[in-house]
Amino acid sequence: MTERSGAIVMRSGRPVAAAYRKKAIDGRLTALLLFLPPALLLFTLFVVLPIGEAAWYSGFNWNGFGKPTKWIGLDNYRFVFDTRGFGTAFRNNLLIIAVSLTIQLPLALTLALILAEKFRGSVALRMLFFLPYVLAEVATGLIFSFIYDGNYGLLASIYRAFGAEAPHLLASTQTSMLAILIVVVWKYFGFHMMLFIAALQGMDKNLIEAARIDGASRWQVLRHIVVPLLYPTIRLSIFFAVVGSLQLFDLVMPLTRGGPADSSNTMVSFLYNHGISRMRVGFGSAIGVILFVICVTFAITYKRWFMRNE
Amino acid sequence: MRIVRTLALAAAGFIMAAGAAAAQTTVRWLHIEQNPAQVKIWEEVARNFEAKNPGVKVEMQFLENEAYKAKLPTILQSKDRPHILYSWAGGVLKTQVEAGVLEDITAGVGDYKNKLSAAAVEAFTVDGKLYGLPYNVSQVGFMYNKDLFAKAGVDGTKIKTWDDLLDAVKKLKAAGITPIAVGGQDKWPLHFYWTHLAVRLGGKPAFEAALKGQNGGFEGETFQKSGELMKQLVDLEPFQSGFLGFKNQQALGFFGDGKAAMNLAISHHSATQRALAADKKGVPEDKLGWIDFPMPAGAKGQPTDTLGGVNGWLVTKGSPKEAVEFVKFFVSDDVQRALAQQNFIIPTYKGAEAALSAAFMQNVAKNIAASNYHQNFYDQDLGPSVGRVVNDATAEIAGGSMTPKQAAKAIQDAFKQGN
Amino acid sequence: MSDALAASRRPLDLVPYYKALFLLLVAAFVAVPLLATVLGGFKTLGELRTNPFGLPETWEWENYAGILFSGRYWQLLWNSLVIASLTVVLTLIVASMAAFAFAHIHFFGSSMLLSYLTMGLLFPAATAILPLFIKVRDLGLLDSYFGVVLPQVAFGLAMSVLLLRRFFKDLPHELLEAALVDGCSYVDFFRHVTLPLSRPILATVGTIVFVHSWNSYLLPLVMLNSDALYPWPLGIMVYQGEFSSEWHLILAFITLTLLPTIILFIFAQKHIVAGLTAGAVKG
């Protein structure tokens, strides 16, 4: 924008300057005092302070009533790492990321490449695929807890049609996470697809045309021109997959509540089940702090390494 | 934008309107009862109370059992918290008392408490002060479907020992019948097995020693053995398929539908299973049997010892005095008899148990009266966080993801962490 | 990219058929659960078992009617609407003011403060949920709409400010300079020039914030206790807890609660897709 970025000057001495300039400075101050505080206040009060307080509370053994008094140092962190369920939750988060990268992302990319072209029904299909992303996680979870239900569910009906006994996917430590992963893909692939479609539509068509004229095959164009041009979007898509995994909670609750035997917790649902619903404020805060460190470290490193130019 | 503005105005108007309505005393009463037939009686009780006390309104709020347990700590911290809350007494109650969120109602209740079962009132007394009144006591035992037992050639009245039970399970399985329905997702129905085995194996002394950290605490021999015996049962695969995904209500419905032969139940579930069955009738009175929890070999506890609950109403801090009056009214002779007559509760009002009409519940009432050691549910008695770990660990034994030894250790660790 | 037609004219090229088959499979994967839910609400519990995929033998309208005529359903939607609307209005006001300051006013520490705000993008509300609960409790806002709205606004600020600031900066700067020369104040300029010119971005940000709030579960779950205030994601979980195995009723309830979202999506799909993806890309 403009080159001068002067600080607000509130000297009492009045240099001979254009009258409007002084007025503009006063106006600036008024505007700043009016415009900035609400945002800063809300943000500080409800975002920054709680994070700081989480660090403070995590040093206490506290059930949330009254004031924290029983200081136990870093014990809560030890308790968290000693709880087997936390390791499982962490592993599950990694699993979600892995599935996002190996299944969801290729699926979304393939669909985007097909649906970016205009043909009858392409827009309708795009909308259909995007629809799950708009639906609430809780409702999605409930829909699938019906699909998976061993007595009345769709899956059970398919098994019965073949004369087999239906598996209770959500009730086994072996399959509960698998069941959730399927729902994750169902719900989020459309969003990633839309990211890719948006990128494809913004792409310079001349490059592709030129390559085709030069005799490149469709596959070569895809491999050497289109996909490289999509790299920024792919990096973005990965970023969202990771961030989404780290906050996944709403979907887990209606499906399994993190069970059985803590087999399908994410870190946030672990925080809810073992921290909030038991009102172990210190323990829960320690999980929050760990989650915070993971999120911030990831976001900063990823941005620095992979998204430097964006 | 205009729409948004209109909505915001409408919203603001709504909030104000909601604040202006209450001119009389309102008693907010939070319950977790799901059986519509029972709730109907409660509503009548509330209306009767309002009729007798002009200017008082009783407002019923409902939360489902699991949702209630998960929300309770936060509910108690809200300034608009309900005045009357459902409670299982025990260590959870103690924590709430320590937190200072409950009202001492000793004076408000006065001598009235003498009309109620002393043991039940004692459960709601902490350091000599009364914080609530009990309206129901219960026993944990196996309720069973007599038809299904007959089909498998099992006589329920002959099941006295743990081995008898294991035999019955084998026979039922051989006959193609699911032996036991259990709500594994809620976990506490599974903790009954482990806890009741501990009550049988060690009796009161073992529990008290564990609380003091003696004999290895909850990692001690009694509790490890409980886990091992539970594992014997689990290894027979006695539960319905997918039991770890069933909530207790679903399991009760499953039993009520005649799809499983047994359910390790709280005595009043005999009524609940009817409400939750698909046909709303469930297993009828004459087909429903009761087995006291069997005695394992080498048990040091008495056969008369019981595991069960004491349910009552707490009054929260700062409640109007009408809340106490309502709780007293709720445990009055008439109301207790009305509920007992339909076999919804084992009443706490002395003499009201005479109104129980089903042999099933009369028997349970007798058991409880004869018991010298009535152990409250561990998940309530051990306080909010340790109790939940008992549930976690026993569910893991049932799911095969923890050995009895690991489970006992997990519980003892939680007990030592104490938060 | 544009040779789908050309390809289909070649007689032995199977690629279009593979594509069509693939699309069909994915479409079924997405649509079947949704259709089963809608139709399931019209069946009896028994029919859910015997006829899971087909149309209902007899359409059980009372499943839906029972819910539509209960005050409960409308109460839940109303609560969600109030919470989401308040969140949108507050976010737009607070964020646009801050974004204007960051876009048009030069002051010492501007970039520092902006980085401070955008820290909010780095972590989800869940990390601080327990202290947040304590904070809301200490402010006396537990069990009130604002106990949910204010944290939601706070956590939505970072993204909203960034989106709005970018848009504001792209507005022609000459406008502002001219207005200032004419004696117009920053505040007037903001109200009478910037905001009216920024309708598209306000709509985008509003959409994102609205959808997030409408669907949110964790914050209301922790902050609200009385069912009179429950937004629909909480209400639907309670409903499911109560009717545990009566799937026909639960499915009808799910369908009805999703209906507003789906209707809105059909009518405003372009804005919603553009909003949600733009929010993601530019945020």
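Predicted model: local features only at pLDDT ≥ 70, side-chain atom pairs only at ≥ 80, totals over all residues.
Me: How many residues of helix H13 of chain B are buried?
Reply: Helices (H or I, at least four residues) and strands (E, at least two) are DSSP runs numbered from the N terminus. Helix H13 of chain B spans residues 321-330 and is mostly covered, the buried count among its 10 residues being 7.

Me: What radius of gyration does chain B have?
Reply: The radius of gyration is taken over C-alpha atoms, and the globule rule is 2.2 Å times the number of residues to the power 0.38. Chain B contains 18 helices and 13 strands, and buried residues make up 56% of its 419 residues. Its C-alpha atoms fill a box of roughly 65 × 60 × 45 Å along the principal axes. Because a compact globule with 419 residues would have a radius of gyration near 22 Å, chain B agrees with that expectation at 22 Å.

Me: How far apart do the C-alpha centres of domain 1 of chain B and domain 2 of chain B lie?
Reply: Domain bounds come from an automatic or database domain assignment, which divides chain B into domain 1 (25-137 + 310-374) and domain 2 (140-307 + 377-417). The distance between the C-alpha centres of these two domains of chain B is 26 Å.

Me: Which helix gives the most to the side of domain 1 of chain B that touches domain 2 of chain B?
Reply: Counting two residues as in contact if their C-beta atoms, placed from the backbone, lie within 7 Å, 29 residues of domain 1 of chain B are in contact with 25 residues of domain 2 of chain B. On the domain 1 side, helix H2 (36-52), helix H4 (90-98) and helix H15 (359-370) of chain B each supply at least two residues. With 7 residues, the helix that gives the most is H15(B).

Me: How do the residues of the contact of H13(C) with H14(C) divide into nonpolar, polar and charged?
Reply: Axes are lines fitted to C-alpha atoms, for helices over the stretch in contact, and angles run from 0 to 180 degrees between N-to-C directions; helix H13 (residues 232-242) and helix H14 (residues 247-267) of chain C pack at about 175 degrees, with their axes 10 Å apart. That angle makes H13(C) roughly antiparallel to H14(C), given that angles over 145 degrees count as roughly antiparallel, under 35 as roughly parallel, 65 to 115 as roughly perpendicular and the rest as oblique. The contact is made by Trp232(C), Ile236(C), Tyr239(C) and Gln240(C) of H13(C) with Ile250(C), Phe253(C), Ile254(C) and Thr257(C) of H14(C). With Ala, Val, Leu, Ile, Met, Phe, Trp, Tyr, Cys and Pro counted as nonpolar, Asp, Glu, Lys and Arg as charged, and the others, Gly among them, as polar, these residues divide into 6 nonpolar, 2 polar and no charged.

How values were computed:
Residues numbered from 1 in each chain as written. Chains lettered and ligands numbered in written order. Buried ≥ 20, exposed ≤ 12 C-beta atoms within 10 Å, placed from the backbone.
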